[in-house]
Amino acid sequence: MARKLPPKDVVIIGLGWTGSILAYELAKAGLDVVALERGPWRDTATDFPPAYAQDELRYAVRLDLFLRPAQDTLTFRNNGSQTALPIRNFSGFLPGNGVGGAGVHWNGQTWRFLPTDFKLRSHLEERYGKGALPADMTIQDWPVSYDELEPYYDRFEKLCGTSGKAGNIRGAKQAGGNPFEGWRSSEYPTPPLKQGLGATLFAEAARKTGHTPFPQPASNLSEAYTNPLGVKLGQCTYCGFCERFGCGNYAKSSPQTCVLPALMRLSNFEARTESEATKINLDSTGKRATGVTYVDTSGGEWEQPANIVLLCAFSFFNVQLMLLSGIGKPYDPQTGQGVVGRNYAYQTTSGVSIILKDKILNPFIATGAHGMIIDDYNGDNFDHSGLGFVGGGYMGAGQTGGRPIQTRPVPKGTPKWGAQWKKATAETYQKAFSLSTHGSSYSYKDCYLDLDPTYKDRFGRPLMRMTFDFHDNELKMSAYLTERLAEIAKAMDPAEMTASPRKGPYNSTIYQTTHNTGGTVMGADPADSVLNRYCQSWDVHNVFVPGGASVFPQNHGYNPTDTVGALAYWTADAIKDRYLKNPGPLG
Amino acid sequence: MRRSLITAVFVCVLSASAAAQSNQSFDRIERGRYLAVLSDCAACHTAPGGKPFAGGLVLQTPFGNLISPNITPDRETGIGSWTDAEFVAALHDGRGHDGKRLYPAMPYPAYTKLSDDDVSAMRAYFKTVAPVSNKVVSNQLPFPLNIRLAMVFWNWLNFTPGRYEPNSGKSAEWNRGAYIVEGPGHCGACHTPKTILGGDNTATPLAGATLQGWFAPNITTDAHKGIGGWSQDDLVQYLKTGTNTWTLASGPMAEAVSHSTSHMSDGDVAAIATYLRDSGVGGSESRPTPVVASDPAMTAGAAIYKDNCSACHKDSGEGEVHLFPRLAGSALVQSDDPTTLARVVLHGTRAVSTARMPTAPAMPAFDWRLNDQQVGAVLTYIRNSWGNAASSVPAETIASQRISLARAP
């Protein structure tokens with residue numbers, strides 16, 4: 001029996017990017033806020049100081065900062081005819097854990113979606129005709145427009161101090177930036193990072209082949225920066241340990257380096273770590289949440305009553321808590337009815353690896369969002385007529401490091417071990433470079449999340465079940481993008497080149513990305529969305545899912561974090577300016 | 001008409017000053033509260049996580065431990081039964097309830113400079129603090145120091161009672177600064193070197209002293225070891241926000257900034273800065289010959305620095321303003337006593353968080369990674385690079401500090 005705690009104005013589940021942004025905004029507005037975080041407290045100097053932050057074995061191989069499957073996992077299958085089995089080692093994607101969430105170990109790639117991405121279905125149907133989209137493709141327009149979200153993108157980028165070069169300031173094209181991007185109200189907060197030789201050579205080849213390369217927008221800071229909360233970040237040292245690592249010198253934007261120092265000063269905010277939410281409680285009408293039940297590390301069960309519940313966990317666990325709490329109608333892939341768990345999507349990535357002649361690339365001089373990129377083949381930036389697919393992605397030279405355990409490039413035909421392998425590694429390391437594409441993943445009727453009928457977590461709750469596979473549209477897109485990338489790679493005159501377009505079926509044991517989206521989709525119509533345009537539950541008005549990637553109706557050809565951060569601010573404003581004045585449905 | 005206005009204003013002022021005389025007026029109590037901030041009473045009398053002024057904080061002294069008493073108005077365990085005269089005597093003469101002698105961990109040698117009126121305002125404030133029942137046995141000193149009568153002898157040697165005497169040759173601002181530094185601010189309690197008995201060495205005020213495993217730096221105008229290179233604005237920024245272009249406050253000074261200086265009025269902080277930049281005795285101003293770059297400790301130190309320190313403090317030793325302290329030209333780095341340097345390398349430390357500078361970046365601990373010789377070498381390197389000059393730091397110094405840190409609670 002849960003022991004009942006004194007009520008709070010707001011209870012937040014998960015203290016990552018969205019949780020910390022909402023906590024700060026609402027505590028600043030005077031509300032009494034508590035955040036429940038299932039993982040431990042994490043802090044730069046004590047958890048990932050420069051003295052051991054660059055420990056590849058500990059962080060990248062043994063995945064020190066990530067969720068342990070013993071604590072929580074999900075089951076997976078490619079399609080409804082299979083029996084899903086539990087993931088016992090996270091490897092295809094890596095959910096975060098602990099204060100800061102995925103914001104601790106992300107690479108810092110800070111992309112906005114395209115203006116046309118926000119009206120995806122209507123835009124594509126208008127340009128290519130209603131019959132152009134596959135019948136089982138369930139993409140839909142976002143309930144917010146790019147123009148509405150622009151100020152919030154700007155706010156999140158200023159929170160992070162993102163480094164980059166604008167390509168479009170209020171409609172005026174800017175040399176050196178991304179010519180395809182939506183308009184920006186201002187230049188990036190800090191100038192672009194310096195590029196390494198590999199990226200510079202790619203940019204030359206891209207220009208030569210008629211493309212427009214630009215530096216990747218990065219929340220790994222090119223120079224020291226003080227954000228609007230008064231929090232100071234340092235300068236990136238290009239150590240090449242971002243992805244899967246915490247940053248030891250305050251140079252990568254994260255809740256720790258951007259929000260928590262200001263948040264933890266507020267006496268009306270409290271963080272409870274190692275406290276795992278098990279259920280959102282509803283009143284007898286089922287239309288109002290009364291608070292959250294959670295379990296501490298000693299197994300003690302607590303009930304935290306609150307007026308507003310914010311679901312700020314990683315996407316799977318947002319969906320799981322909605323289903324376990326009976327909020328919203330579960331999605332049924334047979335009938336297409338119901339919404340919770342619907343439109344799960346991912347990312348369609350591929351790569352081209354090259355070995356150059358007589359070059360010393362020093363690939364270890366790197367950072368998470370390093371690299372030169374082209375956006376010519378993203379979204380609907382190019383004419384899809386006759387191509388047989390929709391969607392696209394950015395591509396470029398975005399190698400995140402040259403870490404010794406996992407960066408072992410060798411020419412084709414090299415033995416997998418032994419003296420020859422060692423020799424080939426030593427000869428190739430400085431000449432090899434990887435190029436990649438980062439493609440969209442549109443949503444389909446048969447890709448969804450639901451509660452597993454068999455497997456349970458340590459509290460006896462059903463695990464999330466993922467049913468997902470790549471569809472022809474995505475595979476064709478990946479083949480097309482990878483061919484374009486290979487053409488540019490060829491212009492770099494490599495000694496050897498291997499193009500690896502994405503092939504099906506989806507394999508959950510090979511790392512691709514941790515951009516798992518959808519399941520609690522936001523939309524304009526309760527028939528095809530869980531949340532309204534303010535990320536508010538259609539069914540239970542005091543429950544919000546403020547911008548986690550689970551709210552994306554489909555996934556676009558960019559990394560999700562910038563949109564996640566923008567939606568967090570968008571929701572915070574809706575709660576402060578509208579909901580608090582008149583609590584009830586905002587839609 | 002004009003005349004009647006002036007009269008009205010005059011009457012208002014008169015009645016306001018009459019109200020100020022009452023120890024129950026808001027203005028009076030608020031002034032007392034602010035004086036308690038200037039005096040940093042909370043630093044000792046509020047334990048971390050404890051109720052305000054309920055005492056219970058262990059104060060390590062070179063002579064043994066004292067526990068800060070409860071100074072809330074609780075009659076049984078606080079100072080609720082004290083007379084006003086006893087309260088005044090505690091601050092001015094080091095005598096508590098029933099004439100009991102206080103130990104000078106209570107900085108009465110500084111508080112004796114407080115004006116009668118200020119002490120009376122503080123008394124007014126402390127009567128309004130919420131009473132807390134918290135029994136504290138302050139005196140944990142070993143025999144014979146636990147005999148309070150011993151303080152008669154100590155006071156005779158080390159204590160000169162008396163209010164602050166303004167220096168008529170200096171400005172009002174300078175005098176206000178001097179009053180705060182010498183009186184309520186009790187800066188010398190940490191920053192003035194001590195005699196063998198723990199009294200202030202009055203010949204070298206504010207020239208730096210070691211206590212509780214930290215070196216409280218020289219805050220005289222000494223250009224090499226003191227704050228001679230700091231501008232008025234540098235000092236004001238440091239006291240208000242805990243950081244300036246040179247450094248960030250941590251350790252005991254983080255507490256002083258957090259509880260006291262960051263809450264002081266802009267005028268008082270400026271006055272302190274004015275006084276410190278124009279006061280008395282500087283250091284010797286002597287500049288030692290730097291250890292040569294070819295010294296084995298310097299070459300080893302350079303390599304250790306590159307691997308362990310340069311990511312944040314940079315190859316140039318410039319650090320990053322408000323984030324990583326500047327080592328090049330730092331007075332603390334070049335001070336004679338490397339206690340603080342060794343401590344922050346071994347155990348790490350966290351900078352203070354203030355409303356204006358909330359970041360509170362932290363230095364990680366290196367005790368598990370670097371041995372005594374390596375810590376000594378890297379400290380020798382930072383003390384003698386980029387134009388710095390200071391004595392080398394032998395491994396033995398690090399070894400003894402490692403032991404004393406391990407003993408500390």
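With 8 C-beta neighbours inside 10 Å, B:D98 counts as exposed, where a residue is called exposed if 12 or fewer other C-beta atoms lie within 10 Å of its own, buried if 20 or more do, and partly exposed in between, the C-beta atoms being placed from the backbone. B:D98 has a positive phi of about 60° although it is not a glycine, and its place is in the loop between α4 (84-93) and α5 of chain B. This is a predicted model, in which local features need pLDDT of at least 70 and side-chain atom pairs count only at pLDDT 80 or more, while totals for chains, interfaces and linings use all residues. Residues are numbered from 1 along each chain as its sequence is written, and chains are lettered from A and ligands numbered from 1 in the order in which they are written. Helices (H or I, at least four residues) and strands (E, at least two) are DSSP runs, numbered from the N terminus.

**Backbone exceptions**

- Most residues other than glycine have a negative phi, and most peptide bonds are trans.
- B:A360, in the loop between β6 (349-350) and β7 of chain B, has a positive phi near 50° although it is a residue other than glycine; with 24 C-beta neighbours inside 10 Å, B:A360 counts as buried.
- The peptide bond from B:F143 to B:P144 is cis, with omega near 5°, and B:P144 is found in the loop between β3 (139-140) and α7 (150-158) of chain B.
- In chain A, a cis peptide bond with omega of about -10° joins A:G504 and A:P505, the latter lying in the loop between β22 and β23 (517-519).

**Helices of chain B**

- Helix α13 (residues 296-308) of chain B has 13 residues, which at 1.5 Å a residue should span 18 Å, and its end C-alpha atoms are 18 Å apart, which agrees; the expected span is 1.5 Å times one less than the number of residues.
- The buried residues of α13(B) are B:A297, B:G301, B:I304, B:Y305 and B:N308.
- They cover an arc of only 105° around the axis, which puts them on the same side of α13(B), the arc being that of the directions from the helix axis to the C-beta atoms.
- These buried residues of α13(B) pack against α14 (310-313) and α16 (372-383) of chain B, with contact meaning that the C-beta atoms of two residues, placed from the backbone, lie within 7 Å.
- In helix α8 (residues 172-182) of chain B, the buried residues include B:Y179, B:I180 and B:V181, and the buried residues of this helix pack against α2 (26-38), α5 (108-111) and α12 (266-276) of chain B.

**Domains and the chain interface**

- Chain B is divided into domain 1 (20-158), domain 2 (172-276) and domain 3 (296-407), with bounds that come from an automatic or database domain assignment.
- The centres of domain 2 and domain 3 of chain B, taken over C-alpha atoms, are separated by 21 Å, and the contact takes 27 residues from domain 2 of chain B and 24 residues from domain 3 of chain B.
- On the side of domain 2 of chain B that touches domain 3 of chain B, β5 (214-216), α10 (232-241) and α11 (252-259) of chain B each supply at least two residues, and α11(B) gives the most, with three residues.
- The residues of that side of domain 2 of chain B divide into nine nonpolar, 16 polar and two charged, where Ala, Val, Leu, Ile, Met, Phe, Trp, Tyr, Cys and Pro count as nonpolar, Asp, Glu, Lys and Arg as charged, and the others, Gly among them, as polar.
- Between the chains, 20 residues of chain B are in contact with 18 residues of chain A; α14 and β7 (362-363) of chain B are the elements that give two or more residues to the side of chain B that touches chain A, and by class this side has twelve nonpolar, five polar and three charged residues.

**Sheets of chain A**

- Six strands of chain A form an open sheet in the order β8-β17-β18-β19-β16-β22, with antiparallel pairing, two strands being paired if DSSP finds at least two bridges between them.
- β8 (214-215) and β22 (496-500) of chain A stand at the edges, each with a single partner strand, so one side of each is left without a neighbour in the sheet.
- Five of the five residues of β18(A) are buried, so this strand is largely enclosed by the rest of the structure.
- Four bridges join β18(A) to the antiparallel strand β19 (residues 432-439) of chain A, with A:M395 opposite A:T437 in β19(A).
- β20(A) and β21(A) form a hairpin with five residues between them, and A:G460 in the turn has a positive phi of about 85°.
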